[in-house]
Amino acid sequence: MAKKVAVIAAVVAVVALGAFILYDSLKGKEYEGSFFAMDTVVSVDLTGRKNEELFESVKKETKRLDERVLSKTSESSELHLINSDGVGVAGTDLSYVLEYAKKLEDDSGSSFCAGLGSLVSLWGIGSDSPKVPDDAEIKDALKGCFDWKLSGNTVTLGEGCSLDLGALGKGYACDKIKSLIVVGGSDKAVVSVGGSVLLYSKSPKETFTVGIRDPWGGVDDVAAKLTLGSCCVSTSGSYERNFTADGKTYHHIFSPSTGSPAESGVVSVTVVSDSGLVSDAMSTALFVLGVDKGLDFAAKAGVEAVFITDDGEYICTPGIKDKLTILK
Ligand code: AMP
Ligand code: MG
């Protein structure tokens, strides 16, 4: 029996390109492809029927979501239009995502904020010219960051508010991709969209092994592994997208209360959920909250989480303990 389980287990060895969790391959995969969207490489491994056709539809849908809906920079996106005009209509996807984001802002005690666009631009982390802003600039960029609303499908932004969905867009893409994969009749799939990974198998017995990147190592270094069934996994880490000025390193996950990179005592948070939207958004929210408040909130929100603290401790929710193997 143990042997049988070993045979059906798909080993997804860890870590990838610029992402937080990477994977090597889906064991027994019949098709692999990748493309660039959402500012990252999207990797798609498939086993089942009509793999190439399915890959093309995954690519088309992910690019649509990026360029026509969620991107801050693409001039044809709904989000760009709303940010430019201060008001606008959200289609089905954007409405769904914003509704969840508003709820998460409330439930997370304002640790999550979908309106940090001005602050994110001010710091310029990930751009060619990041900088440490002064206090007055930070205060100004934070003004109105929670002042946005969705009524029906109309989005209205208050003065100074600019939406940035970088914390959850890639996870939502995993959910949309999963729908295509299920409808397409795929047997198994592993799809990596930056820091979020979709693990899917038709068989409820299937397990996948996913690596959590070593926050102090290189992109291929794995600190721990998780053995999971079909689900979505997202990691937020301060080692990703950061810059150093005057000997201090500044990362890209901000505390909405200070307007500076969150200093919550953690360097990485991994969240497991059935939904990619939830795993992605929650990994960002839990990073800002830190371990104590984060564990409480994870329990309330019904997700499993693994925190790696500044001093290299691993702390996880009870439901994931027996699925976690620490390697370092
Ligand atoms: P992630 O890597 O999923 O944790 O997302 C980080 C990205 O989300 C950043 O690059 C920003 O675009 C955005 N962001 C940063 N801080 C927050 C926050 N507190 N709440 C929501 N979005 C944030
Ligand atoms: Mg996130």
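In this predicted model, the hairpin of β4 and β5 has two residues between its strands, and Gly-152 there takes a positive phi near 65°. The strands themselves, β4 at residues 148-151 and β5 at residues 154-157, pair in the antiparallel sense over four bridges. One of the residues involved is Ser-151, whose bridge partner in β5 is Thr-154.

Another glycine with positive phi is Gly-144, near 75°, which follows helix α6. This helix spans residues 135-142, and its buried residues are Ile-138, Ala-141 and Leu-142. Seen down the axis of α6, these buried residues fall within an arc of 100°, so they line one face of the helix. The buried residues of α6 pack against α5, residues 117-123. On the face turned away from the buried side, α6 carries Ala-136 and Lys-139, which are exposed.

The second largest pocket holds about 230 Å³ of space. Its lining consists of 15 residues, and those nearest the centre of the pocket are Ser-238, His-251, Val-266, Val-267 and Asp-310. Two or more lining residues come from each of the strands β12 (248-251) and β13 (266-273). Sorted by class, the lining of this pocket has seven nonpolar residues, six polar ones and two charged ones.

Key:
Residues numbered from 1 in each chain as written. Chains lettered and ligands numbered in written order. Predicted model: local features only at pLDDT ≥ 70, side-chain atom pairs only at ≥ 80, totals over all residues. Heavy atoms only, no water. Pairing = 2+ DSSP bridges. Buried < 20%, exposed > 50% of the residue type's maximum accessible area, 1.4 Å probe, protein only. Arc of directions from axis to C-beta. Contact = heavy atoms within 4.5 Å. 1 Å grid on protein atoms, 1.4 Å probe; cavity = no way out; pocket = protein on both sides within 12 Å on 5 of 7 lines; lining within 4 Å. Points joined across faces, edges and corners; volume = space filled by probe spheres on them. Nonpolar A, V, L, I, M, F, W, Y, C, P; charged D, E, K, R; others polar.
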